[in-house]
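Please keep the sequence and the three-dimensional view at hand while reading.

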Amino acid sequence: MRLSFVGFAWRNVWRRRLRTALTLCGIGMGIGAFVALVGFSRSFEHAWLEMYENAGTDLAVVQKTFLNTSVDQSIAPVLQRIPQIAIAAPMIINMMAVTPEVNTLVYGWQANTFEFSALNILQGRRFRDGQQEVMLGELLAGSLNKKVGDTIDLQGGSFTVVGIFRSGSALEAGAIIMPLDQMQSLSGMSGKVTAFHIQLKPAPSGVSPDQWRQQAEDAVASALPGLRAVPAAERAANNQLVILAHAAAWGTSLIALLVAALGIANTMAMSVFERTKEIGVLRAMGWSRRRVMTLILIEAAALGVAGGVVGVALGWGALHILAMLPQTASIVSSTLPLRTLLDGLVMAILVGVAAGSIPAWRGAQLSPVEALRHE
Amino acid sequence: MSDQTTTPLSEFLLEARDLKKSYDNGAIEALRGVSLGIAAGDFLAITGPSGSGKSTLLHLLGGLDLATEGTVLFRGQPVGKSQNGVAAIDIDTYRARWAGFIFQSFHLLPALNALENVQVPMLGTGSHRRDREERARALLVELGLENRLSQYPNQLSAGERQRVAIARSLVNNPAVLLADEPTGNLDSVNSAKILELLAQIQERHGTTLIMVTHDLNIAATAHRHVAMRDGRICN
């Protein structure tokens, strides 16, 4: 029965159980939306990075400023002459509605690209350049119910499924890969590619990998004005789809968090109003304005923390469900990154404290005599 | 601040000097110049009809409010507002360390049990949690509530609630105990017990006791009696 300051604050919060529970639901929904949406967009970014890393891509050569880039395929020999570059593989990436229900990423690769090294062909074989052939990730093959030898209609053309593959990257496991020339033809990008994926030669002794990569980036910028070579991590983060996903996730989350903040502000304002007389008693006992304000802020922060825990659990559950749905399984990992979890909890505390600050200030301004007279 | 000194301005423990208190920009005058000296260990009763200003005077003496004009001096130091270059005691510190309040309606916190209620004034004073609990327990035992420590206010009788409130007022060892109609919500039996208790505390702890009451019989138990009317002392 020892009373602590924080224990006292928590006791006050828990007095109105129903109201507190409803407020926690509101905060939980807001933080849950934040965790699920931001977690989703970060999973998406992580999947891109994983794809580059698994394939051994060190750099991507893209246009300097455009996010949705288009690069002449004819620069391939220029890239190959740069001393740091071992392989420069042209590629196209796009999204396609394979059926009205299933949208998928489609990659255009050359048959001899190093990027196949990250794939494990489960059935069939690799496609041949110049042929109307495709390979399907196992997730997509499963959801479309396609096997090797079946055909698939893409943009009015009939393509034969020649291989089913497994990939560590969710972005490939649910994707279509087809010959680069076929992809150029289908998407009207004759002679153009989205990017060149670069594998660097090993750094010579005395040069660190970072220095070696920087030299390659400088060489590309100097040989090809208007283009730049970006590290795989940056390419993953600045991918147009990733940027859109981040923007949508943060925008939606902020609205949800605003609603949660209003919930806390309302609860705390009601709580301060109802406890006006008690605040007067505390002031009469010698509690300073600052201590009263701290108490109310701790109560608001406690609501935030508890709501944050509920929200993280809800968000984690939502990510699990998204990771199981065929439409999203290919790009969502059920693993909740620690950073997202911490962001969610910190966000919850900040929302709690911010929302509680005005009621706390108002509570602290009460004169003891006036507060004690309050009915 | 450099010209401020700490030379005591009064030989009393607590002194009111020409206290005036008005509300609504002077439209209502609750106190119209009250001067009063209270020595250490004194037991003073303040009586008067409703609206006479007795509670307002108690609030100013206890640092619950500041006077519109005039000064309250505690051990020769002004409370809340510095005066004649003498630094003031912070009003929150004064209430926390030197003044203890007992209210007619007890004002216990409903979310806390008896033992926890008594610890509230000690929260944030830098005392250890264990010391807080021991001090609160000792006071409640002294006031005969050893079997009611874990009861919440709504589980206590009115007399028990007032005893918990008295324990709470004493927990920081105040020099002055200010009681505003402490028996106003009690039956005659419990009133007598509480008054006896307050007298015992006043003697045992040497605490200065200032009690506001409208009951002249209760006032008669005090060492000194001040009657008020229309915001002034009238005896």
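Which residues does B:Ala167 touch, not counting residues up to four places away in sequence? They are B:Val118, B:Ala136, B:Leu139, B:Leu140 and B:Leu143, where contact means that the C-beta atoms, placed from the backbone, lie within 7 Å.

## Basis of the report

This is a predicted model, in which local features need pLDDT of at least 70 and side-chain atom pairs count only at pLDDT 80 or more, while totals for chains, interfaces and linings use all residues. Residues are numbered from 1 along each chain as its sequence is written, and chains are lettered from A and ligands numbered from 1 in the order in which they are written. Helices (H or I, at least four residues) and strands (E, at least two) are DSSP runs, numbered from the N terminus.

B:Ile102 lies in strand 6 (residues 99-102) of chain B. B:Ile102 counts as buried because it has 23 C-beta neighbours inside 10 Å; a residue is buried with 20 or more other C-beta atoms within 10 Å of its own, exposed with 12 or fewer, and partly exposed in between. Beyond its neighbours within four places in sequence, B:Ile102 is in contact with residues including B:Ala165, B:Ile166 and B:Pro182. B:Ile102 and B:Glu181 are 79 residues apart in sequence, yet 8.3 Å apart in space, C-alpha to C-alpha.

## A sheet in chain B

In chain B, four strands form an open antiparallel sheet in the order 2-1-4-5; two strands pair if DSSP finds at least two bridges between them. Strand 2 (28-38) and strand 5 (77-78) of chain B each have a single partner strand, so one side of each is left without a neighbour in the sheet. Eight bridges join strand 1 (residues 14-23) of chain B to strand 2 of chain B, and B:Glu15 stands opposite B:Gly37 in strand 2. Strands of a sheet pair through backbone hydrogen bonds, either parallel or antiparallel.

## Helices of chain A

Helix 9 (residues 240-274) and helix 12 (residues 338-365) of chain A pack at an angle of about 35°, with their axes 8 Å apart. Axes are lines fitted to C-alpha atoms, for helices over the stretch in contact, and angles run from 0 to 180 degrees between N-to-C directions. Residues that meet here include A:Leu257 and A:Ile264 in helix 9 of chain A, and A:Met347 and A:Val351 in helix 12 of chain A.

Seven of the nine residues of helix 10 (residues 276-284) of chain A are buried, so this helix is largely enclosed by the rest of the structure. Among the buried residues are A:Glu278 and A:Arg283. Their cover includes helix 11 (289-324), helix 12 and helix 13 (368-373) of chain A, together with helix 2 and strand 6 of chain B. After helix 10 of chain A comes A:Gly286, whose phi is positive, near 100°.

## Contact between the chains

The contact takes 26 residues from chain B and 20 residues from chain A. On the side of chain B, the elements that give two or more residues are helix 2 (91-97), helix 3 (114-119) and helix 4 (129-142).

Technical notes: Two residues are in contact if their C-beta atoms, placed from the backbone, lie within 7 Å.
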